Amino acid sequence: MTTTTAPLLERTGKLPAWAPWGILAGSFVVALVLLSVLSEPTVASVVLVGAIVFLVANWGTSRAVEGRRRAKDRLATSLVTGAFALAMVPLVSLVWTVLSNGLALLSWDFLTTDMTGIFGDMREGGALHAIIGTLWVTGIASLISIPLGIFTAIYLVEYGRGRLARAITILVDVMTGIPSIVAGLFAFAFFTIIVGPAYRSAFMGAVALAVLMTPVVVRSVEEMLRLVPNELREASYALGVPKWLTVVKVVLRTAIAGITTGVMIAIARVIGETAPLLMTTGIIATTNNDPFEGRMATLPVFAYRQYAQGGVGVERAWATALTLVAIVMLLNLVARLVSRYFSPKGVS
């Protein structure tokens with residue numbers, strides 16, 4: 001009795017580890033030569049054509065040596081890696097641009113002085129008042145929105161049922177997409193009615209940022225709480241632990257790393273907002289340490305004003321942007337340390 005094998009058997013060969021790198025280098029050489037013949041090559045065109053040549057050559061080589069299945073795997077791996085590299089291009093470009101332009105004026109004096117008595121194209125003066133203002137506004141906004149967002153997410157996941165929960169979910173979804181200028185107009189109108197049209201303060205700006213920050217906290221914390229296995233809750237209930245203590249000791253502790261990440265995303269979402277702060281906190285050249293009275297400079301508004309002035313103000317704006325990026329990175333580092341310290345063992 002004989003059997004006929006129509007499809008070819010999968011090959012058992014394996015490409016060496018250096019083969020993809022060699023194919024990649026050869027692909028760029030081929031792209032450079034081909035573009036030199038057809039037109040004037042540029043970096044972007046060489047990378048694009050080289051990537052296409054690499055995908056075809058890597059798949060074809062793997063298909064001939066390793067077989068169809070491994071060739072498909074290498075093609076998928078190449079596409080995913082290429083997508084990651086493409087996503088990294090604007091990030092690396094942004095960081096490089098901010099560093100190269102911001103380091104020109106960034107110094108210790110820039111971080112420890114304000115703009116009192118600075119006029120025209122004077123290179124003196126710094127962003128101390130804007131740094132203090134940003135910390136005040138973002139801190140107060142965090143104090144408002146983080147507890148509110150976490151408690152709302154706990155209600156939606158652990159307790160919320162019926163029409164109220166659905167209404168809150170719809171409201172959170174709507175608030176997530178509102179423009180930042182609308183949040184500024186809301187805070188301006190609210191304080192105009194309560195206090196008066198001349199009132200400006202860091203607290204007023206914090207309320208505007210809290211409107212933007214709260215739905216992000218709710219949505220991210222809600223998703224993290226839903227990822228906690230129900231078996232952990234049931235085990236806690238079986239031991240006689242009440243529901244509120246289970247939420248505090250089991251659910252929140254298990255999801256603390258994801259909650260911290262979500263909170264940091266929300267902070268990063270609002271710390272660079274300019275439009276709502278233009279009409280709520282305003283701008284001032286001196287340091288104001290009273291968050292409830294008087295105008296207060298913030299880093300986004302300060303950078304906007306300096307860039308609009310031109311001249312040395314453009315350099316000062318880039319230095320301010322670099323300072324803001326450094327603050328966000330520092331806050332992320334602190335958040336990761338906090339989540340690592342409070343997370344239970346085995347949760348990162």
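**View 1. A salt bridge joins the side chains of Glu158 and Arg233, at 2.8 Å from N to O.** A salt bridge here is a side-chain nitrogen of Lys or Arg within 4 Å of a carboxyl oxygen of Asp or Glu. Glu158 belongs to helix α5 (residues 128-159) and Arg233 to helix α9 (residues 230-238), so the pair ties together parts that are 75 residues apart in sequence. Helices (H or I, at least four residues) are DSSP runs, numbered from the N terminus. Glu158 and Arg233 are both buried, where buried means under 20% relative accessible area, exposed over 50%, and partly exposed in between (1.4 Å probe, protein chains only). The structure is a predicted model: local features need pLDDT of at least 70, side-chain atom pairs count only at pLDDT 80 or more, and totals for chains, interfaces and linings use all residues. Residues are numbered from 1 along each chain as its sequence is written, and side-chain values use heavy atoms, with hydrogens and water left out.

**View 2. Glu222 forms salt bridges with Arg219 and with Arg226.** The N to O distance is 2.3 Å for Glu222 and Arg219, while the closest N and O atoms of Arg226 and Glu222 are 2.9 Å apart. Glu222 and Arg219 lie three residues apart in helix α8 (residues 202-226), about one turn of the helix. Arg226 and Glu222 are four residues apart in helix α8, which also separates them by about one helical turn. Glu222 is buried at 4% relative accessibility, whereas Arg219 is partly exposed at 21% and Arg226 is partly exposed at 47%. Shared partners join Asp173, Arg219, Glu222 and Arg226 into one salt-bridge network. The count of salt bridges comes to six.

**View 3. Phe186 and Phe190 form a stacked aromatic pair.** Rings of Phe, Tyr and Trp (its six-membered ring) pair if their centres lie within 6.5 Å; planes under 30 degrees apart count as stacked, over 60 as edge-to-face and the rest as tilted. For Phe186 and Phe190, the centres are 6.2 Å apart and the planes are at 25 degrees. The two residues are four apart in helix α7 (residues 180-194), about one helical turn. Phe186 is partly exposed, with a relative accessible area of 45%, and Phe190 is partly exposed, with 41%.

**View 4. Phe190 and Phe191 form an edge-to-face pair.** Their ring centres are 5.4 Å apart and their planes are at 90 degrees. Phe191 is buried, at 7% relative accessibility. One aromatic cluster is formed by Phe186, Phe190, Phe191, Tyr199, Phe203 and Phe292.
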